[in-house]
Amino acid sequence: MSMKEFQIINELGKGAFSSVFKAIRSTDKETYAIKKISLNSLKPKEKENALNEIRILASVSHPNIITYKDAFYDDRLDSLCIVMEFADKGDLEKLITEKFKRREYIQEGEVINILIQIAKGLKVLHDNKIIHRDIKPANIFIFNENKIKIGDMNVSKVLKNGLINNTQTGTPYYASPEV
């Protein structure tokens, strides 16, 4: 598999080491989100995180966790590509920003629905001894019928031997004040 099999529609987001694109696969005409991680500028630890994300996504199947579809290395781009389901309504950060611009609030019932689904997704991760470590609105995806899914497992960790992981990572804006 390679990027040649996909028609890129637009860029959905960009991180420090990766970009995410909305794409249509030519074989099945389905819409996917493709996270393209350029490997040439990554340090060994960052490469390990990229592979770890694939392992975690592939190992967890739950209605509130983004669905992993496939992964491949594209020689031409020197990039690792992760194919995932496409969140047709964007992410929670986009919803919050749109509501703020329109001077509207998210209704209480909708907030409760979002929180319950995030909690269900986190419970599944925690039951599998996975710590996400970067929960923020940009990593919470919204689908039709207000289905909520947790995504972006790049800095997630799998606990080994019940040891608590105390390294700091993720986005500093969402860190607790004492950190």
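**View 1. Salt bridges across the structure.** The whole structure holds nine salt bridges, each defined as a side-chain nitrogen of Lys or Arg within 4 Å of a carboxyl oxygen of Asp or Glu. This is a predicted model, in which local features need pLDDT of at least 70 and side-chain atom pairs count only at pLDDT 80 or more, while totals for chains, interfaces and linings use all residues. Residues are numbered from 1 along each chain as its sequence is written, and side-chain values use heavy atoms, with hydrogens and water left out.

**View 2. The pair Glu-53 and Lys-35.** The closest N and O atoms of this salt bridge are 3.0 Å apart. Glu-53 lies in helix α1 and Lys-35 in strand β3 (residues 31–38), so the bridge ties together parts 18 residues apart in sequence; helices (H or I, at least four residues) and strands (E, at least two) are DSSP runs, numbered from the N terminus. Glu-53 is buried at 0% relative accessibility, and Lys-35 is buried at 5%. Buried means under 20% relative accessible area, exposed over 50%, and partly exposed in between (1.4 Å probe, protein chains only). A salt-bridge network links Lys-35, Glu-53 and Asp-152.

**View 3. The pair Lys-45 and Glu-48.** Their side chains form a salt bridge of 3.5 Å, N to O. The two residues are three apart in helix α1, so about one helical turn separates them. Lys-45 is partly exposed at 44%, as is Glu-48 at 42%.

**View 4. The pair Lys-99 and Glu-104.** In this salt bridge the closest N and O atoms are 3.7 Å apart. Lys-99 is buried at 15% relative accessibility, whereas Glu-104 is partly exposed at 37%.
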